[in-house]
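Trainee: I have a new model open and would like to go through it. Start with one pair of residues, please.

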Amino acid sequence: MDTRPSPSPPPARPRRSLPPVAASRATARMAAALLAASALLVSGCGASGAGSDGTVRAALAALPMSTPSALSPYYTQKLSWRECGAPGFECATMKVPLDYDKPASGDIKLAVARKKATGKGKPLGSLLVNPGGPGGSAIAYLQQYAGIGYPAEVRARYDMVAVDPRGVARSEPVECLDGRQMDTFTETDMTPDDAKETDTLVSADRKFAEACGEHSARLLRHVSTVEAARDMDVLRELLGDKKLNYVGASYGTLLGATYAGLFPHRTGRLVLDGAMDPSLDARQVNLDQTAGFETAFQAFSADCVKQADCPLDGKDATPAQIGDRLQKFFRALDARPIPAGDADGRRLTESLATIGVVAAMYDQSTWEQLREALHSAMDENDGAGLLALSDSYYERDSRGHYSNLMMANAAVNCLDLPPAFDGPEQVEQALPQFEKASPVFGPNLAWSALNCTYWPVRATGEPHRIEAKGAAPIVVVGTTRDPATPYRWAQSLSRQLSSAHLLTYEGDGHTAYGRGSACIDSAINTYLLRGTPPARGKRCT
């Protein structure tokens, strides 16, 4: 995901959890499943095949089955567990090489957490969880949701485990801008109207990238998805598991699929929910996500006109008319931001309002909150509600502090794939495509994909296929109206993985497990507990 204010994805942006008013279970679940945007990368080369965009991509090659002797110290270290956070949770620190090709060049310390199995049934080992991003804290997800909110029968049989990936949260986080600088960055106009505004946007992206290079130079070349997947294999060994069992959401699916591609012989029960497609380049990822957010907005619009409190026109309005009204509101904010009751004096700008709307597209449970926020902003000149949604997306707290979500998000994405655009001229040329994909969000999301253009470290990855030949059955989950990870991505990944079983949720929102579908939850729980995957092509509502 990029680090500009678009949905992360806006094309590459990570998203945060719902604001405090949302249900605690949903808030925790969504909190780290961010906008998975332009992430991906390759390690080795192997057989090739056609990607979902019709081009031929190299396949990610499996690593040797034996562990190199130079890595032995990492695979044989002992974890020292201590109580941490909420009751029942333990934490530890593990070491991994900064550079797997040069293990002697230094270490990275990764934070690990677990909650041991609570039941009397036969233990099934560890279940590693990751909520996405890249940049979402897996430990926060574990402690706030997975470790207490996953089905009791799953928690009874598995030790629930999480590791913050390198560069994320508690694992030597990537650092770039401070809180005030991030405020300025997120308020940058993402729909420039002239050369001066374009220069301002480019300057903002350059300053962000330069700050990351200045404060995190050591890390920036070594936060790729391939390296994070290799870290997971070290953890698997330290936990005493012969195979890795894993549930990943959004970007977490790319991380899990990459693990399967590198270590098919060590792949256990993998659930990849809200799947990404590693065969796509950054521009196509952003364009697909733009269309995905338009699909979600169409669903929101159709629901909105049925509600008495819809601020976007009457019951007979079409989605296109509702989109026109919202665009008119955005243009008004571009000319004149409105008060938001913010202690730091921030006002609701067009860019912040757009992200506020995008954030609410991740889960239909926030649609009511979005209607209220839009009513306050459009009819009462009060931008507080939309600003709160935007802040939740960026993980900004009331004290003006940002988590490192957006920084880590950019660092991983810009290393995993070459940039979507070479400069603003290419963005301008691509605008018609993005506007066609989404009249409401297209321009914002196109410009938001510019951030990796100025990254201080060149990408080490490229689009590629993941086949994971020899891996145990893998469950790939796709939601038909998922805004951030379009359903076609799940279809593509399931065709690439040699042992995939595609499980489809016909519904709205980002990801499917734990969102209220008994059919989805039953299929995944059965797989995790018994190892029996759902029938290929199974569909749920």
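Trainee: What is the bridge partner of Thr93 in β5?

Mentor: Ala111 is the partner that Thr93 has in β5. Nine bridges join β4 to β5 (residues 107-115), and the two strands run antiparallel. Two strands count as paired if DSSP finds at least two bridges between them. Strands here are DSSP runs of E with at least two residues, helices are runs of H or I with at least four, and both are numbered from the N terminus.

Trainee: Before we go on, where do these numbers come from?

Mentor: This is a predicted model, so local features need pLDDT of at least 70 and side-chain atom pairs count only at pLDDT 80 or more, while totals for chains, interfaces and linings use all residues. Residues are numbered from 1 along each chain as its sequence is written, and side-chain values use heavy atoms, with hydrogens and water left out.

Trainee: Fine. Which strand pairs with β4 over two bridges?

Mentor: That is β3 (residues 82-83), antiparallel to β4 (residues 89-97). Arg82 stands opposite Cys91 in β4. The hairpin has five residues between the strands, and among its residues Gly85 takes a positive phi near 60°.

Trainee: How many strands form the open sheet?

Mentor: Ten, in the order β3-β4-β5-β7-β6-β8-β9-β12-β13-β14, with mixed pairing. β3 and β14 (538-540) are the edges; each has a single partner strand, so one side of each has no neighbour in the sheet. As an example of parallel pairing, β9 (residues 267-273) and β12 (residues 474-481) are joined over four bridges, and Leu270 stands opposite Ile474 in β12.

Trainee: And which strands does α9 lie across?

Mentor: β6, β8 (244-249), β9 and β12, at about 150° to β8. Helix α3 (residues 138-149) lies across β4, β5, β6 (126-130) and β7 (159-163), at about 10° to β5. Angles run from 0 to 180 degrees between N-to-C directions of lines fitted to C-alpha atoms, for helices over the stretch in contact.

Trainee: New topic. Is Arg230 buried or exposed?

Mentor: Arg230 has 15% relative accessibility, so it counts as buried. The cut-offs are under 20% relative accessible area for buried and over 50% for exposed, with partly exposed in between (1.4 Å probe, protein chains only). Arg230 sits in helix α8.

Trainee: Which residues is Arg230 in contact with, leaving aside neighbours within four places in sequence?

Mentor: Leu63, Leu71, Tyr75, Tyr100, Leu262 and Phe263. Contact means heavy atoms within 4.5 Å. The C-alpha atoms of Arg230 and Tyr259 are 7.1 Å apart, although 29 residues separate the two along the chain.

Trainee: What about α18, how many of its ten residues are buried?

Mentor: Seven of the ten residues of α18 (residues 487-496) are buried, so the helix is largely enclosed by the rest of the structure. Trp489 and Leu493 are among the buried residues. Their cover includes α9, β9, α10 (282-304), β12, β13 (500-508) and β14.

Trainee: Last one, what is the make-up of the chain as a whole?

Mentor: The chain has 19 helices and 14 strands. Buried residues make up 64% of its 541 residues. Of the contacts between residues at least 6 apart in sequence, 76% join residues at least 24 apart.
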